[in-house]
Amino acid sequence: MKGKSLNPQSIHSPREKEFRVYSAATMDLIEPLKRLSTADRFAMKVVAAVLPFRVNRFVVDELIDWPKVPEDPIFQLTFPQKEMLEPEDFETMASLLKNQADDKTIKAAATRIHERLNLHPADQTTLNVPMLDGLPLPGMQHKYDQTVLFFPSQGQTCHSFCTYCFRWPQFVGNATLKFAAQEADHLLNYLRHNPQVTDLLVTGGDPMVMKTANLTRILEPLMAPEFAHIENIRIGTKALSFWPWRFLNGADADDLLRLLERLVRSGKHLAIMAHFSHGQELLPGPVQKAIKRLQDAGALIRSQAPILRHINDSPEVWAEMWQRQVRLGIIPYYMFIARDTGSRRYFEIPLVKALDIYQGAYKKVSGLARKARGPSMSCGPGKIEIQGVMDIHREKVLLLRFLQARNAAWTDRPFFARYDTEASWLDDLRPALGEQRFFFEEEYEAMRIQAEAV
Ligand SMILES: *Cc1c(COP(=O)(O)O)cnc(C)c1O
């Protein structure tokens, strides 16, 4: 696999290492798009007027296999497709663009469509915001005892946007919907007062869009003895495939690697939680070099991705991706079910189909590649894994368990739901074996009522 590239003839000139992005307004400058029909390109603009679009030159030049477009998985991952909007929403926006409506009218129509989409699933806005001295701390979430999530304000964008992203409200410019931390100070204060926390997960957007100086402000203080309880630092990122030059090119990259090295030498476990959706992303030389460079600094790279129709809905794709990751020293970590937001219907896969794909892939690989848990739903009560299909007293059921739970007592507890070929999220599932409610439902309901009262 080494050296194998989709575009083997490409030579990485200094110019190619300069970050350059295309947005809806500059879509026409993307050279290979010109092979698509005028109608297809117009449809993409219609969708891009509603859903965020941003793609950079590395994704265009190195990740997308253009002869396979529109089916190419990375094209589906980054470029808007007509069916991502409901037909009536598409028609509304298409006629506005055709009639050259002004910006304000177009934005207003887009906002009306946004309002129908589920912007913050899983009660993220109310239930998970930590408090310090009676005040809520924006830009942070603390749902499971050991792990605090931090969303640094400068990290709330990405080098390219994924079309299915559940975090897209962060990108559509509605400030009140944004999770954004004012300061690293809040974070450090909170961690200081919560010695039970062992893991900090810096996430976004993509924190690797931040300048190293800003990352340093968050990470450097954690090396002090008062933060000895923060044993594991995780950084969630898709930059390894979307912009590997972040780790390879220039002084800022060198400074980043030195910062990470210092963290590791100070005794922290540094986990890069890399987002890879398809094995194709692991082929380009710069991606492999960036992986190696992070590993040489002492980081352990783990990988996670949601399972999505049009992108990675086959056992072969997952098996190949996991195997390539193992060969590159990456540990598969999670297979997620996509959250119920955005253009979910386009990407949606029934839970039993996702399980089937997971199990199909699992069978094809050795134990080293069988490390991804899943398929798993991050929903209000916790992270729920679909474990299998069983027959119990002649009733066909789904076996589920909590990998993480809002109440730690629920963790790892198996439970059953009625077998359902249509269900694609926890809300669609019903208890099995004569039960009226899932064992956690009453308690979860009480937690929500209590949180709303605060
Ligand atoms: C997934 C997740 C975590 C981390 O869970 P692990 O099983 O430790 O990887 C922490 N907080 C939230 C809100 C999560 O969704």
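The shell around the ligand divides into four nonpolar, two polar and four charged residues. For those classes, Ala, Val, Leu, Ile, Met, Phe, Trp, Tyr, Cys and Pro count as nonpolar, Asp, Glu, Lys and Arg as charged, and the others, Gly among them, as polar. This is a predicted model, in which local features need pLDDT of at least 70 and side-chain atom pairs count only at pLDDT 80 or more, while totals for chains, interfaces and linings use all residues. Numbering runs from 1 along each chain as its sequence is written, and side-chain values use heavy atoms, with hydrogens and water left out.

Now the names. Around the ligand are Lys-143, Tyr-144, Thr-147, Leu-149, Arg-234, Tyr-333, Tyr-334, Arg-373, Lys-383 and Gln-404; a residue is near a molecule if one of its heavy atoms lies within 4 Å of it. Strand 5 (140–144), strand 6 (147–150) and strand 11 (331–337) each supply at least two residues of this shell. Strands here are DSSP runs (E, at least two residues), numbered from the N terminus.

Which side chains place a polar atom by a ligand oxygen? For Tyr-333 the distance is 2.7 Å, for Arg-234 it is 2.8 Å, and for Arg-373 it is 3.4 Å. The protein covers 88% of the 390 Å² of accessible area that the ligand has on its own, by the Shrake-Rupley method with a 1.4 Å probe.

Staying with strand 5, Gln-141 sits in that strand. Is Gln-141 buried or exposed? Its relative accessibility is 5%, so Gln-141 counts as buried, the cut-off being under 20% relative accessible area (1.4 Å probe, protein chains only). Its side chain makes a polar contact of 3.2 Å with the side chain of Asn-128. A polar contact is a pair of N or O atoms within 3.5 Å; within protein, one must be able to donate a hydrogen and the other to accept it, and residues adjacent in sequence count only if both atoms are side-chain atoms.

Last, the cavities. A cavity is a set of points, on a 1 Å grid over the protein atoms alone, where a 1.4 Å probe fits but cannot get out, and lining residues have an atom within 4 Å of a point. There are six cavities of 30 Å³ or more. The largest holds about 60 Å³, and its lining has five nonpolar, one polar and two charged residues, including Arg-344, Phe-347 and Glu-348.

Note on methods: Helix = DSSP H or I, 4+ residues; strand = E, 2+ residues; numbered from the N terminus. 1 Å grid on protein atoms, 1.4 Å probe; cavity = no way out; pocket = protein on both sides within 12 Å on 5 of 7 lines; lining within 4 Å. Points joined across faces, edges and corners; volume = space filled by probe spheres on them. Buried < 20%, exposed > 50% of the residue type's maximum accessible area, 1.4 Å probe, protein only.
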